[in-house]
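The sequence and the structure are shown first.

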Amino acid sequence: MKYPILILLILCLSVVSCGPAPEASAPPQASPELEPTQPVTLTATPEPSQTPVPTPTLESTATLAPTDSAAPSPTAETEQVDLPASTPTPAPPTATATTAATPTTPPTPAPRAGGTAGFRDNLAVADQFILNLNHVPRPPDGQAYQGWLVGDDGTTTSLGVLNLNPDGSLSLEWNSPGSENLLSRYARFQLTLEPTAGSPSPTGEVVLAGSLEGESLAAARRLFVRNEGEPGTPLNTAFALGLKAQTDVAVQHVQNAANAAAIGALPEMRVHLEHVINILEGAAGPRFGDYDGNGVAENPGDGFGVIGYSGQMARLLAAQAPVTSASADVQAQSAAIQDKCLEILAIQDMMVASSQLGELKTLADQLKTGPIASLYQAAQSAISFSVGP
């Protein structure tokens with residue numbers, strides 16, 4: 001009994017030792033091409049002769065690196081990883097501090113040096129040169145500013161060394177030594193840098209300059225030098241000069257009429273009143289005529305007339321509002337004087353006529369000192385020219 005049991009145990013052990021042994025499953029190797037989102041399941045293979053025993057499934061939650069083996073995780077839940085195994089996790093963005101630019105104010109440009117120049121009357125027509133400049137820089141050490149009038153032929157006349165004011169302004173009124181009409185010879189000005197004692201002729205840099213040119217120069221000379229254009233005037237009298245001269249003649253004949261009335265010479269008074277009307281009107285005007293009844297329209301003036309000269313000045317300087325306005329005033333005042341002359345001509349009583357002549361003389365004086373003076377000055381201002389770099 002003892003031996004059969006022993007034999008049976010030996011046979012059982014032999015069967016067990018000779019049967020196929022179960023193969024152990026190797027853990028999966030990580031591959032760079034595998035996506036880490038699939039869980040890896042490790043399953044134990046049962047022995048052929050035994051009933052398989054369920055093996056717990058382990059799901060890997062670790063991110064696979066290209067060269068490392070995936071280690072099983074005890075966590076039962078699967079974590080989905082979106083990035084591929086070969087892509088390193090990007091670093092979070094770094095905040096960059098932005099500094100707001102401070103707006104800068106552009107520098108204010110230096111004021112431009114310059115001004116105006118022109119011709120005025122001192123003792124005669126256009127015998128004075130005037131200059132007004134601003135923002136002129138200080139000259140370099142050892143130098144000074146000197147002014148020059150430049151003639152039509154290129155010759156120069158020195159205006160002397162000019163003193164600059166502390167604020168950069170410079171003004172000059174230079175009178176012709178011989179009271180000549182400067183506009184007849186000069187139309188250009190220059191400011192140059194010269195030695196502090198001055199120079200007999202321009203040698204240094206021209207800092208500022210200006211001139212009358214083209215139509216502006218022609219108009220200036222027709223007004224204040226000589227009328228070389230159309231319409232022509234008696235003896236080519238310049239328009240502004242004829243305006244003043246004929247006004248003086250008209251005022252003189254108003255006084256002649258008053259003198260005649262003072263001595264009771266009625267016919268002579270009437271002759272002078274006719275003269276006043278025709279001097280103002282001009283031979284081409286509609287009111288020119290015979291008013292004393294002797295059959296002849298007499299005119300001791302030059303025939304162009306105060307109204308005629310005034311109209312031509314306004315035509316030449318039509319763009320200058322002060323000129324056109326003053327010209328209209330001249331014509332209106334001249335018409336008022338003519339109306340007063342006609343009123344007196346109709347009076348037969350010498351006492352009444354004498355009182356009216358006083359009013360006429362007032363109107364004539366007002367014409368000369370008011371509209372005529374304003375028109376003449378406006379015309380001279382209009383022919384000024386700019387001076388600049």
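In this predicted model, the largest pocket holds about 220 Å³ of space. Its lining is made up of Leu212, Glu215, Ser216, Ala219, Leu316, Leu317, Gln320, Ala382, Ile383, Ser384 and Phe385. By class, seven of the lining residues are nonpolar, three are polar and one is charged. Helix 2, which covers residues 214–224, gives the most to this lining, with three residues.

The chain has 389 residues, of which 35% are buried. Its secondary structure comprises seven helices and eight strands. Among the contacts in the chain with a separation of 6 or more, 60% are between residues 24 or more positions apart.

Helix 6 runs over residues 321–345 and contains 25 residues. The buried residues of helix 6 are Val323, Ala326, Ser327, Val330, Gln333, Ser334, Ile337, Gln338, Lys340, Cys341, Ile344 and Leu345. These buried residues pack against helix 4 (266–281), helix 5 (306–316) and helix 7 (350–382).

Helix 4, one of these packing partners of helix 6, also contains Glu268. The C-alpha atom of Glu268 is separated by 7.1 Å from that of Ala257, and the two residues are 11 residues apart along the chain. Glu268 has a relative accessible area of 41% and is therefore partly exposed.

**Asn181 in its loop**

Asn181 is placed in the loop between strand 5 (170–175) and strand 6 (186–195). What is the relative accessibility of Asn181, and does this residue count as buried or exposed? The value is 17%, and Asn181 counts as buried because the cut-off for that class is under 20% relative accessible area. A polar atom of the Asn181 side chain lies 3.0 Å from the backbone oxygen of Phe224. Leaving aside neighbours within four places in sequence, Asn181 is in contact with Val125, Ala126, Phe224 and Val225.

**Backbone features in loops**

The loop between helix 2 and helix 3 (239–262) contains Pro231. A cis peptide bond, with omega of about 0°, joins Glu230 and Pro231. Leu235 is also found in the loop between helix 2 and helix 3. Although Leu235 is a residue other than glycine, its phi is positive, near 60°. Leu235 has 79% relative accessibility and so counts as exposed.

A positive phi, of about 60°, is also found at His135, which is not a glycine. The loop holding His135 lies between strand 2 (128–134) and strand 3 (143–151). With a relative accessibility of 44%, His135 counts as partly exposed.

The relative accessibilities of the individual residues discussed above are collected here.

| Residue | Relative accessibility | Class |
|---|---|---|
| Asn181 | 17% | buried |
| Glu268 | 41% | partly exposed |
| His135 | 44% | partly exposed |
| Leu235 | 79% | exposed |

Conventions:
Residues numbered from 1 in each chain as written. Predicted model: local features only at pLDDT ≥ 70, side-chain atom pairs only at ≥ 80, totals over all residues. Heavy atoms only, no water. 1 Å grid on protein atoms, 1.4 Å probe; cavity = no way out; pocket = protein on both sides within 12 Å on 5 of 7 lines; lining within 4 Å. Points joined across faces, edges and corners; volume = space filled by probe spheres on them. Helix = DSSP H or I, 4+ residues; strand = E, 2+ residues; numbered from the N terminus. Nonpolar A, V, L, I, M, F, W, Y, C, P; charged D, E, K, R; others polar. Buried < 20%, exposed > 50% of the residue type's maximum accessible area, 1.4 Å probe, protein only. Polar contact = N/O pair within 3.5 Å; in protein donor to acceptor, adjacent residues only side chain to side chain. Contact = heavy atoms within 4.5 Å. Expected span 1.5 Å × (residues − 1).
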